[in-house]
Amino acid sequence: MARSQDSLVLVTGASGYLATHCVHQLLNAGYKVRGTVRSLKNEEKIAPLKALKGSERLQLVEADLTSEHGWDSALKDVTFVLHTASPLPGLSSADESTITTAVSGVLNVLKAAAKAPTVKRVILTSSGLAILDFDKLRANPNYVYSEADWPENLEKLITYAVSKVKAERAAWDFVKQLTADQHKFELVVINPFLIFGPTLTDTVGTSLGIVQRFLTKPMAKLPKISIPSVDVRDVAKAHILAMTAAGAAGERIAVVYQPSYWMTQLGRDLSEEFSSQGFDIPTEELKEDDDRSALDPQTQAMLKQRPYGADVKVDTTKMKKILGMDKLIDMKTSVIDSAYSMFERNIVEKREEPKSYKTPHWALTRALLYICTIFTQYHSKMAGSPDALVLVTGASGYLATHCVQQLLNAGYKVRGTVRSMKNEEKIAPLKALKGSERLQLVEADLTSEHGWDSALKDVTFVLHTASPLPGLSSTDESTITTAVSGALNVLKAAAKAPTVKRVILTSSGLAIVDFDKLRAHPDYVYSEADWPENLDKLATYAVSKVKAERAAWDFVNQLSADQHKFELVVINPFLILGPTLTDVVGASIGMVQRFLTKPMAKLPKISIGSVDVRDVAKAHILAMTAAGAAGERIAVVYQPSYWITQMARDLSEEFSSQGFDIPTEELKEDDDRTALDPHMQAMLKQRPFGAEVKVDTAKMKKILGMDKLIDMKTSVIDSAYSLIERNIVEKREVVLVTGASGYLATHCVQQLLNAGYKVRGTVRSVKNETKIAPLKTLKGSERLQLVEADLTSEHGWDSALKDVTFVLHTASPFPAPSAADESTITTAVSGALNVLKAAAKVSTVKRVVLTSSGLAIMDFDKLRAHPDHVFSEADWPENLDNLATYAVSKVKAERAAWDFVKELTADQHKFELVVINPLIIFGPTLTDTVGSSIAMVQRFLTKPMAKLPKICVPSVDVRDVAKAHILAMTAAGAAGERIVVAYQPSYWMTQMARDLNEEFSSQGFSIPTEEMKQDDDTSGLDPHTQATLKQRPYGADIKFDTAKMKKILGMDKLIDTKSSVIESAYSLIERNIVEKREGYRGPKNFNRLDHKLCRFLKR
């Protein structure tokens, strides 16, 4: 999808169902958009457009299909036109004005386009109805429609279909008859079939009206009608792709999901989703000879058109081939999204009885702000209406903050209580949450009744998560008193608040578990029916949870007639782990903190029933409206239970290579326990040694539908990373990146920062602002320190490596193609040795990752002798006289590095060496300096050669090379290895030209693609290409064995070279290294952030 800040796109009928999606996707893609509406005074119509993200780039103007007036000015300076506007009539075929308006509207737009020299292409929205001819289906039930089809007998069609046929025919005729004095533009016609999917407006068109009728006026029986259809988001996407797609000009393109959807399936899908939400949707099939009089008029009209039960099949080859759209949103998702959008916009009223309405997980809001790609439908019970106000007590707490975030994500308005609004440190994380504009914070204290009545005003649901956290002593009565009085203060206020429907109380698994039962029956399985019997044996916190929960149940049971009766649900989570969103560490996550900072030498075999904080928050929100939850205790815990010893092993496995020493030895039952931390000693006193805590989670699964929880290994590791990322636990490693301002190095720095490392980068001069500016703008650069060090000098390297754990030595001099520059070789070798010498004096350095090159592997004499030779890390070039300076420098620098490490003496610090051998590196640049590899792309754009030799250019993306370096820092089995990093199969220079030409020829760049024959004159080639030709046999394919890369680094999926080269080009243009040409549209997805990579690197 092309993106350009400079292109202006006109969307006609901008407030329409499809058009609003087009506008939204265009804005998301960075376009400036002009939309036509019939009246700018109709605020109700244009309000949804003004609410779109990026609407500051949207201009609305008045223009009417029935008049030529206004279209010339509407198309001024426009590059692309999406003509989506079309009149929607009733069912009668006698309404000639609809047909006239559709045809004249199209012609009015096209006439204006023929006078606007800037217009390149018009995309016309036609319809699948301008393709379908049901007589063909009657004659041949297996007929497959395509763009070559048109309906032959218009008298059999309804008005809307006739209008679409005639308007499209008129458009094609107009374009064919353009005269020499008229501006010639390209026409593309999109023929979407029945359009479903979420609406961004409050107007319901014909197709979406089908879903509306199923929800409000369902038919008793459903005819077996094939309804070929497509999601509105895909239709909008098709329009935008058609603006620039090669091969689209002059084409009709059918856009439809296949295989076709059926009306009976539509009924079943809606029934499955909404029957539990108060909607009664029949699913019985109407037989062919059943009475049809009870069918709604639209369905009767559809039945008249087509043979009963016939499957409508459509050839979508053009859609896939021209637009590249081979994966569309499935129709079940589309229809259900349609329904939810009508609920959220109050087009269809939510049903409260007999069961509560559920909001979909993606929480459609009034503006429905979604990105232009496919929604992932999440059919959850994440309940309630986004109009409901939810109170969360103790909102700044560990669990409460997650509850607030999930509520905001689901579209709720949230009120959170805190003890003091002046404590900025406590409330700052809440204010930073996404959606916090819907969060109101108020003061209320558990120890006082004051403030709770006003806190609960207009509230529908209450999540009472606040609870005092004491020390380990069981004698702190104030903790117990505060917990009980706090719960009662909230419940008393709820009993006076008529809007409150349900209170969700956070209790604990400690209010279930009785270890005496486990002592008596080692296989005992706890359930919500259990309570601890002897409170004297419990720690204060456990006692406070038991007593507070008992008090809550007693209070609700004793509500009098004059008090407001609300429902109570109690969530009993066990030990809560998982990432923290705040800087306050509670008791449970404090256990993980102690493993990282003050680990015990030995670990007792303790079973810890536990659960992830995200699942506990989810349970609270589901419990707000879950049918059957009222009056229930619900244990929320991951099963089988986790063990302290397993926690240590999981943390050690993840963090031992990151500077954390976490013992994993198990403490025997009769070992001395005095060295255990007080928390662990307290846990051991409570429970029998080595006994497993088992819990029945049937209620959690049945009532809340939670049968898949986050596993505890993930939860614990996420806990640890969150503590490190929030600087609650200090990160241990510092990574040094040499030549930090370089092409590859800048990517290494960015990925390291993304992964949470502290980074020190060497540059030749910290005063060179031009060079270091890109580094300072990197995300996370507050953890980046720049220091001066030069490859040509030993000075500065000892201090640069102080406290460093890993070194990425990427710095290397880049010469001209000449092989005579000996200083390049000397600098490369001495630079590598200067770094390694310093590493040998720094005891903290564990591993050095050296950037060598594929040039230190390839020997073209072997390829001449054996054209099928596959290079591997075992290969070295034998005759250096045949190589260019840069290749020689890489070979000698790497050889010197291996020799240095092998010869380390007993009094020197021994570190590990890993060498990365990347091939030619392409991919987007983060700096304004152009190295030798990406310069190849620059030359294609600025000084292309007339013909291209058949040269194999084995290559790899810069982001993958950076990733390889970071993985090599800690990868088991990497030490002492050379690792080739290359995309396979290899790329070719001719293919590079074709790929660049395909992408940029329509954007003002002329890139020849003709292949040079082996005996052609090579004098017209640039010096770099001539040098490359001299080295290698003409036309030889260079193959690499990448087994080590895959096995040691786990890198089996690399960015393909076509994407890499195109992104290289866009980055050069976007950074103004290559000048934009007239017609330049801009990149589709420039400089994308790989969040999965960042998370993977953390793991």
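Trainee: Which residue's backbone nitrogen does the side chain of Thr738 reach at 3.1 Å?
Mentor: Think polar contact: a pair of N or O atoms within 3.5 Å, where within protein one must be able to donate a hydrogen and the other to accept it, and residues adjacent in sequence count only if both atoms are side-chain atoms. At 3.1 Å, the Thr738 side chain reaches the backbone nitrogen of Ala811.

Trainee: What pLDDT do local features need?
Mentor: Residues are numbered from 1 along each chain as its sequence is written, and side-chain values use heavy atoms, without hydrogens and water. This is a predicted model: totals for chains, interfaces and linings use all residues, side-chain atom pairs count only at pLDDT 80 or more, and local features need pLDDT of at least 70.

Trainee: Which side chain makes a polar contact of 2.8 Å with that of Thr738?
Mentor: Thr738 sits in strand β30, residues 734-738; strands are DSSP runs of E, at least two residues, numbered from the N terminus. The 2.8 Å polar contact joins its side chain to that of His809.

Trainee: Is Thr738 buried or exposed?
Mentor: Buried means under 20% relative accessible area, exposed over 50%, partly exposed in between (1.4 Å probe, protein chains only). Thr738 has 0%, so Thr738 is buried.

Trainee: Which residues touch the most other members of the largest nonpolar core?
Mentor: Such a core is a set of buried Ala, Val, Leu, Ile, Met, Phe, Trp, Tyr and Cys residues joined through side-chain atoms within 4.5 Å. The largest has 75 residues. Its members touching the most others are Phe655 and Leu704.

How values were computed: Helices (H or I, at least four residues) and strands (E, at least two) are DSSP runs, numbered from the N terminus.
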